[in-house]
Amino acid sequence: MEKPVIQVKNLYKIYRIGENKVRALNGVDFTIQKGEFCCIVGTSGSGKSTLLNMMAGLEPPTKGEIIIGGEHIERKNESKLVLFRQAHVGFIFQSYNLMPNMTAVENVAMPLTFQGVPKDIRERKAIKMLKTVGLGKFLDHKPGQMSGGQQQRVGIARALVVDPEIVFADEPTGNLDSNTTLEVLNLMRKIVHEKKQTMIMVTHDNYLASFGDKVIHIRDGKIIKIDEHPGGRIENTEEDTTDIYPGGTLAVPGEEIRPDENT
Ligand SMILES: Nc1ncnc2c1ncn2[C@@H]1O[C@H](COP(=O)(O)OP(=O)(O)OP(=O)(O)O)[C@@H](O)[C@H]1O
Ligand SMILES: [Mg+2]
């Protein structure tokens, strides 16, 4: 059995506001294996974003351990955390967080700037990644000139252009319709699986979570259940993908987002 890439042990996050204490995470333990697509699912306020932010080293825990690739995240200071994130982590947000005045290429190339990659290589890598997510015809478009699904594909390209070992995604399809949601989900899964990257996705939607190899159910800051179905749901239901999503047709093979040709 492979060593886990992420270990979370006895994790607590308690927010104090005046006299009040909110136990956002109330003793959480789990492991994630390399290459796994793990979904964290729970209702609003259950602690999903808190957990994700803590794993990414964006916020310190109150108590407990987060070990990623053998390194204790909770022991690192801010400058070490910045380096850790630059070297190992990609982020996909619900609201895309693209720079409105930059083109798709410039947005995707940005994380490479922080890594000190020269301009011509940055551009080449950004263009290649945008073609991978099927946006070869939108290279010079600014976010306002693209649909929500296209903007999120730019967000995915930006997260993956640095070839991160771990991809964190917080409600990445939260602003998309059900068709586009499944296209984007399929695309993320496909790229991440091909590159043997580990992805952790937060969602409030049990159906979307069921596409994960591992599904961690969280309620009131505690894990209530962990489901494992390696390979996730998409591959297991290849024959009947046309009618598994109430309220939409989807994931019809012909409609899948494909990389642009000549990449
Ligand atoms: N900075 C903060 N200060 C105080 N309380 C916080 C803070 N951040 C989160 N909380 C509280 O911690 C709990 C968990 O919040 P969290 O954002 O992790 O939930 P979530 O599962 O991501 O919800 P949603 O689906 O609405 O995004 C909530 O009760 C929230 O009010
Ligand atoms: Mg949240």
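Colleague: Which strands does H1 lie across, and at what angle does H1 run to S8?

Modeller: Helices (H or I, at least four residues) and strands (E, at least two) are DSSP runs, numbered from the N terminus. Axes are lines fitted to C-alpha atoms, for helices over the stretch in contact, and angles run from 0 to 180 degrees between N-to-C directions. Contact requires C-beta atoms, placed from the backbone, within 7 Å. Here H1 lies across strand S3 (37-41), strand S7 (166-170), strand S8 (198-203) and S9, and runs at about 155° to S8. H1 also lies across S1, S2 and S4, at about 120° to S1.

Colleague: What should I know about the model and its numbering?

Modeller: This is a predicted model, in which local features need pLDDT of at least 70 and side-chain atom pairs count only at pLDDT 80 or more, while totals for chains, interfaces and linings use all residues. Residues are numbered from 1 along each chain as its sequence is written, and chains are lettered from A and ligands numbered from 1 in the order in which they are written.

Colleague: What is the strand order in the open sheet of six strands?

Modeller: Two strands pair if DSSP finds at least two bridges between them. The order is S6-S7-S8-S3-S9-S10, with mixed pairing. Strand S6 (89-92) and strand S10 (222-228) are the edges, each pairing on one side only. From one strand to the next, the twist averages 15°. Six bridges link strand S9 (residues 214-219) with S10 in the antiparallel sense, and Ile 216 stands opposite Ile 226 in S10.

Colleague: How many residues surround ligand 1?

Modeller: A residue is counted if its C-beta atom, placed from the backbone, lies within 6 Å of the molecule. There are 13 around ligand 1, the closest being Tyr 15, Ala 24, Ser 44, Ser 49 and Thr 50. H1 supplies the largest share of this shell, three residues.

Colleague: At what angle do the axes of H3 and H4 cross?

Modeller: Helix H3 (residues 104-114) and helix H4 (residues 119-132) have axes that come within 8 Å and cross at roughly 120°. Angles under 35 degrees count as roughly parallel, over 145 as roughly antiparallel, 65 to 115 as roughly perpendicular and the rest as oblique. H3 is therefore oblique to H4. Residues of H3 that meet H4 include Val 105, Val 108 and Leu 112, and among their counterparts in H4 are Ala 126, Ile 127 and Leu 130.

Note on methods: Contact = placed C-beta atoms within 7 Å.
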